[in-house]
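Please find below a short note on the structure under review.

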Amino acid sequence: MSRFTPKVVTANRLREGDAVYLTADDRWTPFHHEAELLEDEAHAQLRLLEAAAQKLIVVGAYLADAKAGPNGPEPTHFREAFRTRGPSNYHHGKQADFAL
Amino acid sequence: MYSYSDFDEAFVRARVAQFTDQVNRRLDGSLTEDEFRPLRLMNGLYLQLHAYMLRVAIPYGTVSPRQMRQLAYIADTWDKGYGHFTTRQNIQFNWPKLPDVPAILSALADVEMHAIQTSGNCVRNVTADHFAGAAADEIEDPRPYAELLRQWSTDHPEFQFLPRKFKIAITGAPNDRAVTKAHDIGLRMVKKNGETGFEVIVGGGLGRTPMVGMVVRDFLPIEDLLPYVEAVLSVYNVLGRRDNKYKARIKITLHETGREEITRIVEERFAELKPLFAGHDQALLADIRAAFAPPAFRNAPVDAYDAFYKADPVFRAWADTNLAQHRNDQYVIVTVSIKAHGQTPGDATSDQMRLLADLAETYGHSDLRISHEQNVILPHVHKSDLPAVHAALVKVGLGTANVSLISDIIACPGMDYCALATARSIPVAQEIAIRFNELKLEHEVGPLKIKISGCINACGHHHVGHIGILGLDRAGVENYQITLGGDGTEDATIGEKTGPGFAYDQVVPAVERIVLAYLDLRTSPEETFLQTYRRLGIGPFKAALYETGAQDAA
């Protein structure tokens, strides 16, 4: 069996457009570390289907690579890391909204 | 400037009403995202990394003070107090929320603006020389033709689903400030036997397959403009490839079909179409021309300007870089730099927008332009008003004296905003500008255009930068490829790749090595970077960039 890279389910909120993550208890959180870390491929696909079905809450759900960290899942790619914070030229987005 | 006819007004209002309903139906679940996405894109609404983004057209870069104030109002009311001017003479709002977008579009319609055809596979915002109607070197103001093309292409039933997007640029001057050779159609006004017409260039474009456009008609009479452009579009609509997105632009069609064959088919189609244009377009053009009549220029002494220029070195530095020659000797064209060192290229705050609107009204015959280089232009300023204009600009951080210098950088939004980006571009631009400001070198270096794109689609025009920078994702790390010798003018040239790319934190030192090499290599301060590059080729610049020494210079 080929090794599966752990994932989180992520999307953008339909109304606000901000990046959100699916938690194990079926909430959408703005915080990557609160996401459910999906280590089994079949389970990840199932969670993605469940996420994509929430058409009035989120848009464009997909699986993003992640890894376990001391406070919860962490992004492994810089694009996903940017999505957890906001842009680098202004203190806008999550880094401002949640004083990260 | 052109004012909406009843037809324009009704069309834009009807579209706002339609889209308002579409947004409501998306929010209540009647429309799926798959159904809604093409509808929102038709209205300029994208979903980006952190938020939605609304792209608003500024046709041929011309904007009135009233419109500019409304953009400021939108920025304050529904966004974060600023807007981003783009390389296609559009303005983008980076933080709108979906339920607010109908209100934003309605506020735009109040000032004769919209976001229609700023996305999708249709004819996009027609761009023009930002000095149009003012430049000393101009044959004729190209904007009436741009407006004619805008009216013709807006909601044109045949061209709403082209194989790919389609960009038209037009200039009335021999010095090409509109990058016409890098557009699907570039139109350059030319004179032949005393008559004015267009040189028609087709198939230019940047992106993953950069190409300089080819001339398909060296002289097109003015009255043939619409039937000829329609012929080009209709041939492309049939021949253009729909099987492969990366081969769908007209540049590929032209390349695969050959210039001679395309020209033959276009001329054939033109012969069919020409009789169908029974002169209505020319009647319309006459009305449009009247709307672009030049302002009533003042006749007043300019001695105060000359005295101030001699006395104030800060003003002098600004005047030397940011002013261009106007066709009226007492006037100048002012380029307001939206590139303060360390700031985001093309971002203006709502306060800055309002100040620009005030200045245009008080000193600029109520005319403002947005350039593809992401600056704002006051096209008609009397020389005696320049000290007052400069002082007012300095107060709101818009007095930067750097137009065409190393810190006057084009940068796309890159991965700080854009969902397509593969790397960041804004912070790279910010850091280059800060570094050369510290070195106090940019005035000594002189004209040097740096252009940065955060992905292969090349919104930042990197291929035509004297120094081009392309941000890529190389195995999960940002990596920047450098090209040299690009040129977006009438001598359009695609830059040459130097070699292996550079890590994010190595880009500024890399650019510095190239620029210092130029200072060593130039024959005199009068020889520009591009001239030196053309004289010597890439060799010595590569040697300096990769620190390989002169032996590898060949």
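1. In this predicted model, the domain assignment divides chain B into four parts: domain 1 (6–110), domain 2 (142–291), domain 3 (303–395) and domain 4 (410–552).

2. The centres of domain 1 of chain B and domain 3 of chain B, taken over C-alpha atoms, are separated by 29 Å. Between these two domains, 21 residues of domain 1 are in contact with 19 residues of domain 3. On the domain 1 side, the elements that give two or more residues are β3 (62–63), α3 (65–78) and β4 (82–85) of chain B. The largest share of that side, seven residues, belongs to α3(B). By residue class, the domain 1 side comprises nine nonpolar, nine polar and three charged residues.

3. The contact between the chains takes 22 residues from chain A and 22 residues from chain B. Helix α14 (residues 426–439) of chain B supplies the largest share of the chain B side, namely three residues. The chain B side divides into 10 nonpolar, six polar and six charged residues.

4. The largest nonpolar core contains 173 residues, and those with the most contacts inside it are B:Leu54, B:Ile170, B:Val232, B:Leu356, B:Ile469 and B:Ile514. Helix α6 (residues 225–239) of chain B gives this core its largest share, nine residues.

5. One of these core residues, B:Ile170, may be examined individually. When neighbours within four places in sequence are left aside, B:Ile170 is in contact with B:Val126, B:Ala128, B:Pro142, B:Tyr145, B:Ala146, B:Ala178 and B:Leu187.

How values were computed: Residues numbered from 1 in each chain as written. Chains lettered and ligands numbered in written order. Predicted model: local features only at pLDDT ≥ 70, side-chain atom pairs only at ≥ 80, totals over all residues. Core = buried A, V, L, I, M, F, W, Y, C linked by C-beta atoms within 7 Å. Buried ≥ 20, exposed ≤ 12 C-beta atoms within 10 Å, placed from the backbone. Helix = DSSP H or I, 4+ residues; strand = E, 2+ residues; numbered from the N terminus. Contact = placed C-beta atoms within 7 Å. Nonpolar A, V, L, I, M, F, W, Y, C, P; charged D, E, K, R; others polar. Domains from an automatic or database assignment.
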